[in-house]
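Hello,

Here is the structure you asked for, with notes on its aromatic rings below. Please read them with the model open.

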Amino acid sequence: MKRNFINKLLASSALVLAGGLVSCNDYLTLYPTDSITKEEFWGSKNDVENVRNAAYYQLTQNTTNILTWGEFRSDNVELNKTDKTEYRYLQDGVLQPTQGMFDWSSMYKGINLCNEVLDNGERMVRDKVDPSFTEGDFAPIKSEIIALRALYYFYLIRAYRDVPFVEHSVDTDRDARTSKIPATPAADLMGILIKQVEENLGRASTNYGDIRNNKCRILQNGMYALLADMYLWRAGLVKNAKVKGFPLKGENGAELTVAQENALSQELLQKSVQYAQYVIDKATEDYQQYLLTNNIKPTDYRANVRYPLYRNSDSKSSIADDAYNMVFGIQYSAESVLELYFDGVNLKNTTIPSEFYGDGGSSSSAGNMVAASGLFNITDKVDVEKGYGKTDLRMVSYGLLDENSKSTTTPIIKGAVSSVSSINPLNTRQGPVSYAKRSNSSQNAHWPVYRLTDVMTIQAEALARLTSDDFKQDIVMVQSAKGQKSLNKRTAFMLADDIYRRNNPGADTLIEGNENFSLRIRSQKFEDDAVKNVAEAEKAKKFDEAWDARHRDYGNDAVRYVAAERQREFLGEGKRWFDIVRQCEFTYSSKNKTKGGLDWAGLPTAVRARLQSIWSLYNPIYVEELKVNGKNYGGSTGGQLVQNPAWEKYMPKTNNGK
C-alpha cells in the first residue's frame, strides 16, 4: 500500500511534488523517511522506472532557469514588464548573488534523482532484489540516466562554469548539508561527463517502442547529439585556457602549453563534427522512411532536400509554415532528437505564457520578455545579416507582428501557438496571418532540447572553427552512413543555408533583379552535388563565383554566419547567451578579452564594459548556497565554494564582516 502511494507520486508526467516528498530546498527526498525505508522502496523494476521518470519531470521544472540563464542576458530579448527589476539587472550585466534566479538547487534535485537510479539500480541487480530485473534490463536505463545526468551538468557548466560534481545520491537533509563538495573546473568536468556518456553508448537503447518515449527520453541518437554539443563546448573551454587563467594539466600532472591546449581543442572539434554526423545520418534514414510512409514521390518538393528537413511549400501564394506546425505544433516530429513532455493537463508549460506570450482565453498578452527590436524590424530585404528578412516565415511564426499597429515590441510566440497559416511567402508581413493559439489552461507545448537544426549548426560551427585561421584545416574527414566523407568550410555555409532556405520559400534564386532575390539560396542547377557532374569549366566557375558572392559580406567568417542562423532558428529556446559565451571562450585573448564574442552579439556598450573577464559571463553562486557550503562565508565550517570573482562585489556582508 505504501509503495503504491509512492509510485503514484513519482509516476511519469503526472508527478506531484507533495509535501511529504519535499523536505528541503537542496534535494528531493524520494521516500517519506518516517514511513518506509530506502530498501523497502527500491523493491522492483517499477520503482527504478518511476524515479527515472521523475528525473525527466524535474527537468521540465527548470525551463524557466534554462531561459533565464541561456537567453535573457542576450541580444535576443528585451524586458517587457518594468517591475521585474531582477531581469533588468540581469540584462544590464549587474548580477547579484542574492537573486533567487541563481539558485541551482532545482537542477541538483534532478541530478540527485539520476544518482538515486544509478546507485539503487546497481544495488538491486547486484543483490537480486527483483529476480525479474536483470543486468540486461538495467544496462540501457543506466546508459540513459548517465546521459540525462550529463545534460543536467551541462546546463550548469554553461551557466556557472565550475560547479560541484555529485556522483552519488543524497538521501537526507543532514547528508545534503554536511557533504561539502568543492567545484570541479569546467574543462575537467566536461571531460569526465564525455567519458561517462561515451562508455555507455553501446548499451543505449535505439527504440523504446513508441513515439512519445522515443522523443521525450534519451535514445542513443540523443547521446550522440549531447556528445557533439559537449565536445564543441569543451573545445572552447580548453582553447587558450592558460591565457584565460584556467591552465589545464595533462595525464602526467604537468600543465599543458598553449600549443598543446589548442591542439586538444582541434581534436575535440573533430569529435564534435563526427558525432553530429551520426545524428544527421540517422535523421536522413528516418526522413526517407517518412517519405515512403507518406507515399511522397521523388518529384515532390518535400523529397528535394539535401538535409532531411521538413520543406515548406514552394507556392508563391498563401501558405502555412509546415515546418513550424510539424515541429512545434503536432510535436514528436522527425526532426526532434529530444523534447520535454508537457500534456497540458497534469503538467502544463507555464514558462511560455509567463515569460513570452500567453492566451488566457479572453485575452492574450506578452510576458516578462519580448523580442529585441533589431530582430523583426527589417521588412524590405531578403538576405539580412541579423534577424528575419521579408521572406522568412519565422518572422511571423516566432513573433507576433501587427503591421497596422506598428507596435514597437514583438511578443515571442514560439510554442504559444500550435499552427501558423495564411502567410504571404513573398512578404510575410503582408496580409493577416492565421494562428491557432494554445490556451494557458491547457498549455502543452513540448520544450525542445535537441532537434536536427541544432545538430546541423553544431556541426557547422565546429567545421567553421576547424577551417578558420585558428586551425587551418582544409577538409575534415568523417565516417558517415555511406562511408568516408570529406567536409569543409563550404559545408558549414551549406548547413546554415539549408535551414535558411526551408524558411524562405518565397525567395528567388534565379532572377538577380528581383527584389526577393537571395544570394544565400542556390537554384537547383547550382547544387553542390550537381557540380561534380558539370563538364563545362565555365559552369563550375560561375558556381564558385555565386558561392563566394553569397558569403562575401561575412568575409568568409563562417562562425559568425552560422551564429546568425542559430540566432534566427533558436529564438526563445534558451541557447543564444550560451552561444555568445562559447564564442568568448574560443576568442578570448589577453589584449581583447571577451571583445571577440560580445562585439557581434549586439550588446550595449555599457554592458560589454562590465563583461570583460571570462568569469563575468557566468552566473554568481546563490548566496544561500554559500551559507551552507561557502569557504569562509556566513559562519559555515568546512565550506568549499568560492563566489564567482566577477560578482563578489555584490555579496552581502555577514555578521562576521566577511
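The model holds 24 aromatic pairs, where rings of Phe, Tyr and Trp (its six-membered ring) pair if their centres lie within 6.5 Å, planes under 30 degrees apart being stacked, over 60 edge-to-face and the rest tilted. One of them joins Trp-104 and Tyr-108, edge-to-face, at 5.5 Å centre to centre and 65° between the planes. Both Trp-104 and Tyr-108 are buried (under 20% relative accessible area; exposed is over 50%, partly exposed in between; 1.4 Å probe, protein chains only). Ring pairs also place these two in a cluster with Trp-69, Tyr-153, Tyr-160 and Phe-165.

This is a predicted model: local features need pLDDT of at least 70, side-chain atom pairs count only at pLDDT 80 or more, and totals for chains, interfaces and linings use all residues. Residues are numbered from 1 along each chain as its sequence is written, and side-chain values use heavy atoms, without hydrogens and water.

Phe-493 and Tyr-561 have ring centres 4.7 Å apart and planes at 75°, so this pair is edge-to-face. Phe-493 lies in helix H19 (residues 489–502) and Tyr-561 in helix H22 (residues 558–569), 68 residues apart; helices (H or I, at least four residues) are DSSP runs, numbered from the N terminus. Both Phe-493 and Tyr-561 are buried. In H22, 11 of the 12 residues are buried, so the helix is largely enclosed by the rest of the structure. Among them are Arg-566, Arg-568 and Glu-569.

Two charges sit over rings (NZ of Lys or CZ of Arg within 6 Å of the ring centre and within 35 degrees of the ring normal): Arg-212 over Tyr-341, at 3.9 Å from the ring centre, and Lys-414 over Tyr-398, at 3.9 Å.

Regards

Terms used:
Helices (H or I, at least four residues) and strands (E, at least two) are DSSP runs, numbered from the N terminus.
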